[in-house]
Amino acid sequence: MKPQTKLSTLCVHAGELEDAHGSPHTPIYQTTTFRFKKTADLLDVIKGRKPGHLYTRYGMNPSIVSVERKLAALEQAEAALAFASGMAALASLFLAHGRAGIVCFGEAYGGTLEILSEQLPGLGLAVHFLRGSDSDGLERLLAQGVGLVFIETPTNPTLEIADIAAIAARTKAHGALLAVDNTFASPVNQNPLPLGADLVMHACTKYLGGHSDLTAGCVMGSAELLAPLGTWRRSFGSTIAPETAALLARSLRTLVVRVRAQNANAQAVAEAMVGHPRVARVLYPGLPDFPGHALASRQMSGFGGILTIEVVGGGDEAVRVADSLQLIMLAPSLGGVESLVTQPCTTTHHSLTSEERHARGISDGMLRLSIGLEDAADLIADLERALG
Ligand SMILES: *Cc1c(COP(=O)(O)O)cnc(C)c1O
């Protein structure tokens with residue numbers, strides 16, 4: 001695949017392997033092992049002297065290799081590794097590159113906060129948490145030699161936008177690595193690697209899978225930086241399954257059309273909610289008066305499918321609205337073809353105290369919406385009915 005090939009074309013064609021029977025796409029290689037004619041041939045593959053497939057837990061299976069090549073192409077990366085979940089990807093990333101200390105800069109996914117705050121410190125890794133606005137704190141930790149900076153942008157649920165290029169430049173100046181969780185944006189709306197990030201990860205469970213029917217994760221970057229993650233993946237056995245890899249590849253072929261339609265739907269819903277008498281605030285990067293709008297316009301090519309509304313009347317009223325929605329389903333997760341709603345204070349940020357939530361700008365009246373592929377008019381009608 002030529003590097004200048006456009007994203008939609010890459011989604012359909014990148015990474016597909018030739019098949020002896022003429023299948024247009026890589027079939028599912030539902031096998032745990034691969035046989036060899038001679039011991040010498042097997043040794044060549046084990047020693048890395050020749051390419052080949054070997055054992056599925058090692059990721060050496062055509063269905064896995066194929067989806068990894070497609071994933072790498074979507075983020076303009078040299079290589080990608082696919083995992084059994086987003087958290088499996090993050091665990092390997094932190095263990096492989098967090099030995100010199102990790103800074104979590106800004107808001108992060110609940111599972112990410114849990115492993116960073118509770119599990120990794122127990123293994124002796126130094127983990128620091130900074131508000132996204134604390135540039136001085138970041139500079140101080142980088143000067144002290146911290147090795148890995150980790151960010152998400154846009155964040156959940158307030159959709160704050162971090163300046164990837166600016167953070168990458170500061171990180172690089174100190175010889176540290178920058179890893180970006182690009183799950184909320186998807187590769188259609190944002191590519192952190194060309195902006196200077198070293199590693200990018202996705203919960204493929206969300207937009208990349210896109211149908212709420214698979215759990216997977218991935219990390220993209222240089223082959224050199226990914227090598228130690230591959231070792232952890234092999235030892236944990238947290239490799240993506242061949243069936244899931246094939247299902248993910250199937251989903252990636254339609255990624256661009258899905259995400260662009262979700263961007264447009266979310267923009268329409270956000271605009272309809274602005275000025276609604278029962279809605280105190282609408283947080284969406286595509287709204288011109290949103291604080292991160294200018295930065296998002298620079299670093300993203302679309303504003304994404306997630307928006308947060310703050311319902312007038314606080315937590316009880318937000319629960320009433322969420323429970324009254326008929327089309328939009330009450331469920332955690334995001335990025336699928338169906339629209340979902342959650343109240344952050346009872347789901348993703350449930351483990352924080354109300355003071356901690358307040359400090360992060362998360363109010364009880366907030367509802368986070370993951371906008372799917374239904375007709376925008378139907379989604380707006382559902383929200384207006386539930387609000388009214
Ligand atoms: C869902 C999610 C994860 C974790 O992915 P799983 O597949 O559930 O393990 C990580 N980061 C973000 C931003 C997510 O939304």
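This is a predicted model: local features need pLDDT of at least 70, side-chain atom pairs count only at pLDDT 80 or more; totals for chains, interfaces and linings use all residues.
On a 1 Å grid laid over the protein atoms alone, a pocket is an open set of points with protein on both sides within 12 Å along at least five of seven lines, and its lining residues have an atom within 4 Å of a point.

Residues are numbered from 1 along each chain as its sequence is written, and side-chain values use heavy atoms, with hydrogens and water left out.

Let's start with the largest pocket, which has a volume of about 820 Å³. Its lining takes in 28 residues, and Gly-52, Tyr-58, Gly-59, Met-60 and Val-65 lie nearest the centre. Helices H2 (39-46), H3 (62-74) and H9 (223-236), along with strand E1 (79-83), each supply at least two lining residues. Here helices (H or I, at least four residues) and strands (E, at least two) are DSSP runs, numbered from the N terminus. H9 gives the most, with 7 residues.

Now for the second largest pocket, with about 390 Å³ of space. It is lined by 20 residues, and Tyr-109, Gly-110, Gly-111, Thr-348 and Ser-351 are the closest to its centre. Helix H5 (residues 110-119) is the top contributor to this lining, giving 6 residues. So where does this pocket sit? It lies between domain 1 (7-30 + 61-252) and domain 2 (255-387), because both give residues to its lining. Those domain bounds come from an automatic or database domain assignment.

Finally, have a look at the ligand. The residues around it, each with a heavy atom within 4 Å, include Ser-85, Met-87, Tyr-109, Glu-152, Phe-184 and Ala-216. A backbone N or O atom of Gly-86 lies 2.9 Å from a ligand oxygen, and a polar side-chain atom of Lys-206 lies 2.7 Å from an oxygen atom of the ligand. On the side chain of Asp-181, an N or O atom is 2.7 Å from a nitrogen atom of the ligand. Taken alone, the ligand exposes 380 Å², and the protein buries 92% of that; these accessible areas come from the Shrake-Rupley method with a 1.4 Å probe.

Notes: On a 1 Å grid over the protein atoms alone, a cavity is a set of points where a 1.4 Å probe fits but cannot get out, and a pocket is an open set with protein on both sides within 12 Å along at least five of seven lines; lining residues have an atom within 4 Å of a point. Grid points are joined across faces, edges and corners, and a volume is the space filled by probe spheres set on the points. A polar contact is a pair of N or O atoms within 3.5 Å; within protein, one must be able to donate a hydrogen and the other to accept it, and residues adjacent in sequence count only if both atoms are side-chain atoms.
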